[in-house]
Amino acid sequence: MAKGYWVSVYRTIADPEKVAAYDKLAGPAVKAAGGRLLSLGSRVVAHDAGIAERTVLIEFDSFEQAVAARESAAYQEALAVLADGVERDFRIIEGLD
């Protein structure tokens, strides 16, 4: 079964305090849903149209598990705290089998 990944690239961070509050809730929510943080990307080298800002990579055992984690009540609570604190590109992608 192919793994699932969350890839989140922050375009701008308008409110670092909201990001910190989000991190406190999102970390446990992701872990409870079976996610493993692979990178919190504080060091980024961007090429082409890339943005050298915070990039987060999280691995799940399956694509379906990754989708379910994003929809979980615990993660939705974290998103509510983050609100307009950032502009980011968030994707759930399926890995290769």
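**Briefing: annotated region, helix packing and selected residues**

UniProt lists residues 3–96 for "domain: DUF1330", in an unreviewed entry; its positions are given in the numbering used here, feature names are shortened, and annotations may be inferred rather than shown by experiment. The structure is a predicted model, in which local features need pLDDT of at least 70 and side-chain atom pairs count only at pLDDT 80 or more, while totals for chains, interfaces and linings use all residues. Residues are numbered from 1 along each chain as its sequence is written, and side-chain values use heavy atoms, with hydrogens and water left out. Over residues 3–96 the chain is 38% helix and 31% strand, and the end C-alpha atoms are 7 Å apart. Helices (H or I, at least four residues) and strands (E, at least two) are DSSP runs, numbered from the N terminus.

**Helix packing**

- Helix 1 and helix 3 pack at an angle of about 175°, with their axes 8 Å apart; axes are lines fitted to C-alpha atoms, for helices over the stretch in contact, and angles run from 0 to 180 degrees between N-to-C directions.
- Helix 1 is therefore roughly antiparallel to helix 3 (angles under 35 degrees count as roughly parallel, over 145 as roughly antiparallel, 65 to 115 as roughly perpendicular and the rest as oblique).
- Residues of helix 1 including Val 19, Tyr 22 and Leu 25 meet residues of helix 3 including Tyr 75, Ala 78 and Leu 82, where contact means heavy atoms within 4.5 Å.
- The residues of the contact of helix 1 with helix 3 divide into 13 nonpolar, no polar and two charged; Ala, Val, Leu, Ile, Met, Phe, Trp, Tyr, Cys and Pro count as nonpolar, Asp, Glu, Lys and Arg as charged, and the others, Gly among them, as polar.
- Helix 2 (residues 63–71) packs on helix 3 (residues 73–82) at about 55°, with the axes 5 Å apart, so helix 2 is oblique to helix 3.
- Ala 69, Arg 70 and Glu 71 of helix 2 make this contact with Ala 73, Tyr 75, Gln 76 and Leu 79 of helix 3, and the residues divide into four nonpolar, one polar and two charged.

- Ser 8 is found in strand 1 (residues 4–13) and counts as buried at 4% relative accessibility (buried means under 20% relative accessible area, exposed over 50%, partly exposed in between, with a 1.4 Å probe and protein chains only).
- The side chain of Ser 8 makes a polar contact with the side chain of Arg 88 at 3.3 Å; a polar contact is a pair of N or O atoms within 3.5 Å, and within protein one must be able to donate a hydrogen and the other to accept it, with residues adjacent in sequence counting only if both atoms are side-chain atoms.
- Arg 54 lies in the loop between strand 2 and strand 3 (55–60) and is buried, with a relative accessible area of 14%.
- The side chain of Arg 54 makes a polar contact with the side chain of Asp 23 at 2.8 Å.
- Leaving aside neighbours within four places in sequence, residues in contact with Arg 54 include Ser 8, Val 19 and Leu 40.

**Loop residues**

- Most residues other than glycine have a negative phi.
- Asp 48 has a positive phi of about 55° although it is not a glycine; Asp 48 is in the loop between strand 2 and strand 3 and counts as exposed at 85% relative accessibility.
- Ala 83, also not a glycine, has a positive phi of about 40°; Ala 83 is in the loop between helix 3 and strand 4 (86–94) and is partly exposed at 49% relative accessibility.
- Gly 34 is found in the loop between helix 1 (16–32) and strand 2 (36–39), and its C-alpha atom is separated by 33 Å from that of Asp 48, 14 residues apart along the chain.
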